[in-house]
Amino acid sequence: MPDVQRTVEGGGGDPAAPRPPEPILELRGISKRFGAVQALREVDFDVCRSEVVALVGDNGAGKSTLIKCIAGTHTPDEGRIFFEGDEVKIHTPSDATRLGIETVYQDLALCDNLDVVRNMYLGREAVTTVVPRLVEPLREIDMEERALAVLGDLNVTTIGSVRTKVASLSGGQRQSVAISRAVMWNSKVVLLDEPTAALGVAQTAQVHALIKRLREQGLGVVVISHNIEEVFEVSDRIAVLRLGRRVATFRHDETTPQEVVGAIVGAAGA
Amino acid sequence: MTTTELHGDAHGVLRSAASAGIQRLRQGELGMLPVIVGLIVIWAYFESQVSVYLSARNLSYLVLQIAPIGIVAIGIVLVLLLGEIDLSVGSVAGLCSAVLGVGMVDRGWPWWGAILIMVGVGAAIGAFQGWWFAVVGVPAFVVTLAGFLFWQGAQLRVLGSTGTVNVFEPHIGAIAQSFLPSYWGWILGVGLAALYAVRAWTTYARRAHAELSNEPVGLLAVRTALVAAVAVGSVAVLNSYQGVPTAGVILLGLVIAFSWLTTRTKFGTYVFAIGGNAEAARRAGIKVARIRILVFTLSGFMAAVGGLMFVSRLTAASTQTGAGTFLLESIAAAVIGGTSLFGGRGSVWSALLGALVIGSVSNGLDLQAQPPEIKYMVEGAILLAAVTVDAVARRSRAAAGR
């Protein structure tokens, strides 16, 4: 089993205490219904600083819905969300962004027709205010420098020019851009929806390295994945959803792939 | 570091410029090249057929001819960038010109008040249609198709039984019938060329200073020289007749302003983003509905300004203003200029270039005394050719990517 260096983090504080790490994001009793479909039933879920939590489950188990409730794309029908200990309401994506929650969706949510810089800054462009609200040209050079710096920090080195249109990048490059965009805004929690679903072996390794780097930087990371190997490779904890309920949570070093799969398909006696 | 490049042999510089250009062509980034080539071919052909075609007088006339279409096409470009369509611009131009004419003649509005009300009506109609599309959720095609009929009816209603209102007002007339004094023309031409050069080279220097990648110096030099040649050359030609037409200055000013708006501001970035991937834009926190409403508002506004150009040129508002092929020619101009119908790709300059192509063909065929049926057929063929070039380029880009 790959070794996950979970003792390295400074977040633990007191090493003697049986680690009650303060969760940065807590969900309590989240329910969401779409017409006749009960997508989520009273789901509890939390993530701590410097922690990678894998969210697993079969198709239709409610993983994406849960992520979208955190990201503000959906509003839960019931339940409470706490961020850094305070109860918060997340009704829109910008509510989530303001808190420091960033999402990288499965379909990447990049604009193919825009270049890397524009995509990384989309919705948060830096401008020079000449006449407020009327003449506010973009600060292209500042944005480009910062984008290059962020990509460099995260070791994303394969992109030739940040002025390339995203349409002409490879899948791994696009994913790297999407993740880099998510973390360049002092975010505290990053949600990754199947970050390696469409990637080759080398590109997948690249994204895994990126995820570990996010943890090193103190972020809470939630990864949706269908790939059990990946789940054990990158995550500290594994939360299993089935038919809209959270049926189990495992520590990655206290469980086996068989046990996790059992929980996913509902075969385990637990 | 750049100085060595600057002093490097001219051959090397040109070669690097050429290879950078070829690289972009390979990737299907044709930009405005096809339409410029097309324009040169059209001009060469008609000049060989009708010797007065490229005379200062005819070119001056051409500028006046394309101003209304070019202005309305700017609004269409914005809507196309969004990935939508506005079929109402012809009727809105017609209705707004009727409002202007009736207001001034029957109600005695001052010319400036009439202009303000006219563009206000255009913008309000655009905002209304944009709201109906973006918030109510009816496809823009349907909303603006309904608008096309409805506002045309409103135009006829406002004009009343006579159907024509003559507007003999010197200020209104001056918009499309006056020319800049030649020294103003020169100041304008040289000023624009200088402004472009200063901007291009300071950007280059700032990027070099920030150690960011830069385009080859050769390409930059060629670009600066070309822009200067076109600006100064156009002024020289137009000054040899009556001067630079005011309508042309207005058209160019609007193109430059909207080009800046689309490429250098948040708003423009969001228009492209929504046209490229509306869902991605929404998730990035962009207020998609607001941007959509704004774009349709601008489209209505530009339709009104186009209508104003019409009234000024023909000194009348009539049932024919904005009718006939006006709408389709405006859309054709945007598309011929290289703006994609599928959203997210294109440039405001395509409005000007496309209008020039359509105007040039129509002007040339008129000089040859060709009947209108030939005109329609030729314009149709050119539109098809332009979209085909875009489609083929798109395919080659898809092949180059990934």
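## Strands 6 and 7 of chain A

In chain A of this predicted model, strand 6 and strand 7 (residues 189-193) run parallel and are joined by 4 bridges. A:Ile101 has A:Val189 of strand 7 as its bridge partner.

In a regular strand, side chains alternate between the two faces of the sheet. Strand 6 (residues 101-104) of chain A can be read in that way: A:Ile101 and A:Thr103 point to one side, and A:Glu102 and A:Val104 point to the other. Residues on both sides of strand 6 of chain A are buried, the charged A:Glu102 among them.

## Helix 1 of chain A

How many of the 9 residues of helix 1 of chain A are buried? The count is 9 of the 9 for this helix (residues 63-71), so helix 1 of chain A is largely enclosed by the rest of the structure. The buried residues run from A:Lys63, A:Ser64 and A:Thr65 through A:Leu66, A:Ile67, A:Lys68 and A:Cys69 to A:Ile70 and A:Ala71. After helix 1 of chain A comes A:Gly72, which has a positive phi, near 90°.

## Chain A as a whole

Chain A contains 8 helices and 10 strands. Its radius of gyration, 19 Å, is close to the 18 Å given by the globule rule for 270 residues, so chain A is as compact as a globular protein of that length. The C-alpha trace of chain A spans about 65 × 40 × 40 Å along its principal axes.

Of the 270 residues in chain A, 46% are buried. Among contacts in chain A with a separation of 6 or more, 66% involve residues 24 or more positions apart.

## Chain B as a whole

Chain B has 17 helices and 2 strands. Along its principal axes, the C-alpha trace of chain B spans about 70 × 55 × 40 Å.

Buried residues account for 45% of the 402 residues of chain B. Of the contacts in chain B between residues at least 6 apart in sequence, 81% join residues at least 24 apart.

## Domains of chain B

The domain assignment divides chain B into domain 1 (35-178 + 245-395) and domain 2 (180-244). Taken over C-alpha atoms, the centres of domain 1 and domain 2 of chain B are separated by 26 Å. Each of these domains of chain B gives 8 residues to the contact between them.

On the side of domain 1 of chain B that touches domain 2, helix 4 (56-81) and helix 11 (246-264) of chain B each supply at least two residues. Helix 4 of chain B gives the largest share, 4 residues. By class, this side of domain 1 of chain B has 4 nonpolar, 3 polar and 1 charged residues.

## The largest nonpolar core

In soluble globular proteins, nonpolar side chains tend to be buried together. The largest nonpolar core in this model has 182 residues, and B:Ile74 and B:Ala304 have the most contacts inside it. Helix 4 of chain B provides the largest share of this core, 17 residues. Both domain 1 and domain 2 of chain B give residues to the core, so it lies between them.

Beyond residues up to four places away in sequence, B:Ile74 touches B:Leu254, B:Val255 and B:Phe258, together with B:Met302, B:Val348 and B:Ala351.

## The loop at B:Gly83

B:Gly83 lies in the loop between helix 4 and helix 5 (89-105) of chain B. Is B:Gly83 buried or exposed? B:Gly83 has 21 C-beta neighbours inside 10 Å, and because a residue is buried at 20 or more, B:Gly83 counts as buried.

Apart from neighbours within four places in sequence, B:Gly83 is in contact with B:Gly275, B:Phe342, B:Gly343 and B:Gly344. The C-alpha atoms of B:Gly83 and B:Arg395 are separated by 19 Å, the two residues being 312 residues apart along the chain.

## Contact between the chains

The contact between the chains takes 25 residues from chain A and 26 residues from chain B. On the side of chain B that touches chain A, helix 9 (182-209), helix 12 (266-276) and helix 13 (278-283) of chain B each give two or more residues. The largest share of that side, 5 residues, comes from helix 12 of chain B. By class, the side of chain B that touches chain A comprises 9 nonpolar, 9 polar and 8 charged residues.

Notes: Residues numbered from 1 in each chain as written. Chains lettered and ligands numbered in written order. Predicted model: local features only at pLDDT ≥ 70, side-chain atom pairs only at ≥ 80, totals over all residues. Contact = placed C-beta atoms within 7 Å. Domains from an automatic or database assignment. Rg over C-alpha atoms; globule rule 2.2 N^0.38 Å. Buried ≥ 20, exposed ≤ 12 C-beta atoms within 10 Å, placed from the backbone. Pairing = 2+ DSSP bridges. Core = buried A, V, L, I, M, F, W, Y, C linked by C-beta atoms within 7 Å.
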